[in-house]
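Subject: Two-chain model, handover and notes

Hello,

Here is the model you are taking over. Please open it next to this email as you read.

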Amino acid sequence: MSRISEAQVRAEVREWLAANWDPDLSLVGWRCRLADSGWGMPQWPREWYGRGLPHTLARVVEEELANVGAVGVAKSGVRLLAAATLLEHGSDPQKKKFLRRILTGEDTWCQFFSEPGSGSDLAGATTRADLKGDFWIINGQKVWTTSAHHADHGLLLARTDWDAPKHEGLSYFVIDVKQPGVDVQPLKQMNGHASFNQVFFTDAKVPQENLVGRVGEGWKVAMTTLAHERRGADGLASPSKRGARVGRIHAEERAETEKANQPYTWYPQRAGRVDLILERAKETGANQDRYIRQEIAKLLILAKSAEWTARRARAAQQQGRPQGPEGSLGKLAASHVARGCSSVHTLITGTEAMLTGKGSARDGIIAEILVSVPAVSIAGGTDEIQRNIIAERVLGLPKEPRFDTGPFRNVRKN
Amino acid sequence: MSATPEVKPEPARRIRFAFTDEQEQFRSAVRRFLEDKSPTTEVRRLMATAEGYDPEVWRLLSGDLALPGIHIPEQYGGAGFGMVELGIVMEEFGRALLCAPFFSTAVLAANAILNAGTDAQKSQLLPDLARGARLGTLAVTELPGEWDPNRITVIATPDGDGYRLDGTKSYVVDGHIADLLVVAARQPGSAGRTGLALFALTGKTSGVERAPLPSMDPTRKLARIDLRGARAELLGTLEAGAAPLVRTLDRAAIALANEMVGGAQTLLDSAVKYSKLRVQFGREIGSFQAIKHKLADLLLEVELAKSAAYYAAQAAAVDDPEWPALASLAKAATSETYLHTAAECIQIHGGIGFTWDNDTHLWFKRAKSSEVFLGHPSYHRELLMQRWGV
């Protein structure tokens with residue numbers, strides 16, 4: 001393949017935008033053009049809505065789109081995890097059927113991995129898939145599914161072989177969420193929000209051609225999805241930058257973003273809102289208290305050190321050095337920061353921390369911090385699992401003895 | 001990076017988050033030197049001596065490696081690097097627990113002269129320190145052991161073209177061997193931040209009486225210095241006031257913070273190594289989550305502390321306006337981490353960790369002395385809040 005220069009890419013994408021970008025198109029209409037041209041996901045292969053460009057040049061394309069205010073392909077939610085998984089493991093008919101409608105935003109996706117009985121131990125899933133004729137019949141329950149009530153398709157991890165060892169009896173499917181056997185219920189959290197769903201499968205059907213990868217290889221496929229999830233972290237969908245733009249397409253995009261971000265309104269509070277600490281200390285006079293000053297300093301030292309640790313990891317990566325231990329520590333550090341924030345916000349707020357809602361401190365934001373922070377050390381891998389990973393993979397400590405080997409049928413379960 | 005660089009470092013005036021390849025090579029060179037010259041057997045031998053260091057090792061690290069002058073400008077006989085390189089040296093020394101008068105001579109005395117001295121004084125005093133020909137130290141704190149310059153009571157009375165110093169300094173690092181003493185003192189009748197200045201004199205001046213203190217950390221020796229009309233030279237001008245002293249203490253805090261993260265890393269490595277070897281209940285103790293989680297938490301703590309120490313050094317190197325606040329931040333962060341890592345290292349070793357023969361207590365004691373030297377973490381947290389304008 002011939003090397004293409006940044007200048008060439010810029011020239012090509014500019015020319016294409018000049019001929020095609022039109023803010024009065026419908027959002028889907030525009031994204032169809034974008035997907036078919038390959039400029040929407042330039043790092044994807046040419047045969048699948050991309051242009052085979054390296055990531056550095058893909059960023060150049062993104063810049064050019066932003067320069068003219070053009071909207072990009074749909075990227076929010078589980079969409080791109082689904083796309084990345086299908087690109088790597090999907091069959092050609094699957095790619096043909098799903099990828100384009102992912103990019104145009106016509107289809108919304110969700111992820112059916114966690115179960116009430118398998119949280120940290122994701123591979124212990126007991127939702128079952130049994131082949132009957134041309135269909136896999138699904139029975140079981142999934143939980144912590146974001147936006148299942150909007151979703152058209154779900155990425156489903158289910159057990160197809162109970163006699164194989166735990167990780168080898170799983171298969172990976174794309175399931176149509178809008179069918180009678182799939183019952184989506186909201187899951188209300190301790191902070192009052194219901195950002196997730198629990199989903200019950202009763203003889204739900206998946207056509208054979210929706211098996212992704214081979215039977216028994218579901219864990220391997222799921223690892224691809226999880227790797228992309230970790231890379232993307234908690235990124236909230238952001239509307240195209242440079243202020244509010246007018247035109248049909250921008251209005252449609254704003255509505256899409258709002259819907260995608262709806263489950264996440266409390267996420268900033270979940271992280272502890274370290275940005276509010278000094279403001280709150282000043283406005284309440286708690287900054288005069290010698291003890292509270294010490295606690296604030298401890299927290300801010302921790303938060304700053306965590307921020308610099310993340311930047312050290314990034315800098316090492318940019319220099320092409322092997323990642324040091326600092327790269328695996330971010331999530332655990334974030335938990336410590338969030339918990340520290342919760343306790344210092346309580347110190348600063350004092351007795352008023354017993355109240356909640358609009359009439360309470362900072363229009364209820366402080367209360368929301370206090371009841372949201374416990375999620376940080378659980379979501380996306382508990383602190384305990386993180387510590388195991390750090391201890392085994394970074395420090396090289398020996399693994400724990402296992403009790404879940406042999407046929408999964410015989411393994412102790414919830 | 002060679003010890004006598006042709007090119008000036010730190011051309012970029014921004015805070016970096018990664019060491020350069022040259023800095024990493026420099027670190028490796030220092031580390032190799034220490035692996036050879038400062039194994040724990042040597043640490044144990046030297047800590048039991050009155051002087052507390054090996055003059056031959058000092059000569060080598062001052063000669064070829066030119067370490068005492070690493071941060072001293074070339075015009076004053078140094079290597080012309082800055083706080084980042086000084087931090088690297090300190091981190092490696094902390095890692096190996098090198099017994100040498102480096103902190104006193106290079107960090108405390110040399111920085112005090114750099115910050116306070118006139119050009120003539122720097123030209124006169126620094127070259128000897130830079131090439132390790134003369135040992136120096138800085139005497140700030142007094143019998144009550146307070147680090148706030150406002151508490152200084154040693155009086156400098158004008159006398160002819162010099163001054164006479166009266167009073168007592170204590171907790172002076174290497175005060176028993178240092179030949180060049182830099183003393184923080186105040187004008188008669190002054191109080192608080194006013195009237196403070198730094199003075200230089202040799203340890204042999206009449207009216208100087210030095211007594212070694214029984215330091216708990218035998219690898220960093222302390223002395224008390226009684227001054228009775230000892231003649232001294234004012235460094236710089238009286239107008240500069242307390243600023244050069246404060247700047248020196250802040251730079252020292254950053255250097256010490258980097259030394260502490262080096263020590264903490266040694267302790268963590270030792271605890272990890274032991275937990276892979278030690279078998280109880282038929283398993284390596286490192287396979288128990290109780291130990292794994294403790295070690296994972298320690299790794300996080302040590303990496304966070306490194307980030308604080310490195311960032312403060314980088315900020316000081318480019319004179320970022322926030323660097324004095326960051327000095328306090330780094331001192332508070334690394335002191336707590338070092339001591340906690342030492343305590344947990346002993347805990348993971350179990351009974352053997354509490355014995356004299358096990359090396360952990362050597363670092364534990366350095367962690368303890370570093371915790372309070374230049375001010376306890378709580379003192380620096382308060383200073384940090386004030387420096388942040390809270």
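Below are notes on each chain, then on the places where parts meet.

This is a predicted model, in which local features need pLDDT of at least 70 and side-chain atom pairs count only at pLDDT 80 or more, while totals for chains, interfaces and linings use all residues. Residues are numbered from 1 along each chain as its sequence is written, and chains are lettered from A and ligands numbered from 1 in the order in which they are written.

Chain A

Chain A has 13 helices and 8 strands; helices (H or I, at least four residues) and strands (E, at least two) are DSSP runs, numbered from the N terminus. Its radius of gyration is 24 Å, close to the 22 Å that the globule rule gives for 414 residues, so chain A is as compact as a globular protein of that length. That radius is taken over C-alpha atoms, and the rule is 2.2 Å times the number of residues to the power 0.38. The C-alpha trace spans about 70 × 60 × 45 Å along its principal axes.

Of the 414 residues of chain A, 40% count as buried. Buried means 20 or more other C-beta atoms within 10 Å of the residue's own, exposed means 12 or fewer, and partly exposed is in between, with C-beta atoms placed from the backbone. Among contacts in chain A between residues at least 6 apart in sequence, 70% join residues at least 24 apart; a contact needs C-beta atoms, placed from the backbone, within 7 Å of each other.

The domain assignment divides chain A into domain 1 (1–73), domain 2 (79–232) and domain 3 (266–380). Such bounds come from an automatic or database domain assignment. Between the C-alpha centres of domain 2 and domain 3 of chain A the distance is 34 Å.

One residue to look up is S147(A), in the loop between β3 (135–146) and β4 (153–159) of chain A. S147(A) counts as buried because it has 21 C-beta neighbours inside 10 Å. Leaving out residues up to four places away in sequence, S147(A) touches G77(A), T108(A), C110(A) and P263(A).

Chain B

Chain B has 11 helices and 9 strands. Its radius of gyration is 21 Å, which agrees with the value near 21 Å for a compact globule of 390 residues. Its C-alpha trace spans about 75 × 50 × 45 Å along the principal axes, and 54% of its 390 residues count as buried.

Here the domain assignment gives domain 1 (137–240) and domain 2 (243–387), with C-alpha centres 29 Å apart. In chain B, 14 residues of domain 1 are in contact with 14 residues of domain 2. The domain 1 side of that contact has 9 nonpolar, 3 polar and 2 charged residues. Ala, Val, Leu, Ile, Met, Phe, Trp, Tyr, Cys and Pro count as nonpolar, Asp, Glu, Lys and Arg as charged, and the others, Gly among them, as polar.

In α11(B), the buried residues are P377(B), H380(B), R381(B), L383(B), L384(B) and M385(B). Their cover includes α10 (290–318) of chain A, along with α9 and α10 (360–372) of chain B. Just after α11(B), G389(B) has a positive phi of about 75°.

Where the chains meet

How many residues of chain B are in contact with chain A? There are 31, and they meet 36 residues of chain A. Helices α7 (243–277), α8, α9 (323–349) and α11 (377–387) of chain B each supply at least two residues of that side, and α8(B) gives the most, with 14 residues. By class, the chain B side has 17 nonpolar, 7 polar and 7 charged residues.

Helix α13 (residues 383–394) of chain A and helix α8 (residues 289–317) of chain B have axes that come within 8 Å and cross at roughly 85°. That makes α13(A) roughly perpendicular to α8(B), a label for angles of 65 to 115 degrees, with under 35 roughly parallel, over 145 roughly antiparallel and the rest oblique. Axes are lines fitted to C-alpha atoms, for helices over the stretch in contact, and angles run from 0 to 180 degrees between N-to-C directions. The contact of α13(A) with α8(B) has 6 nonpolar, 3 polar and 4 charged residues.

Regards

Key: Two residues are in contact if their C-beta atoms, placed from the backbone, lie within 7 Å.
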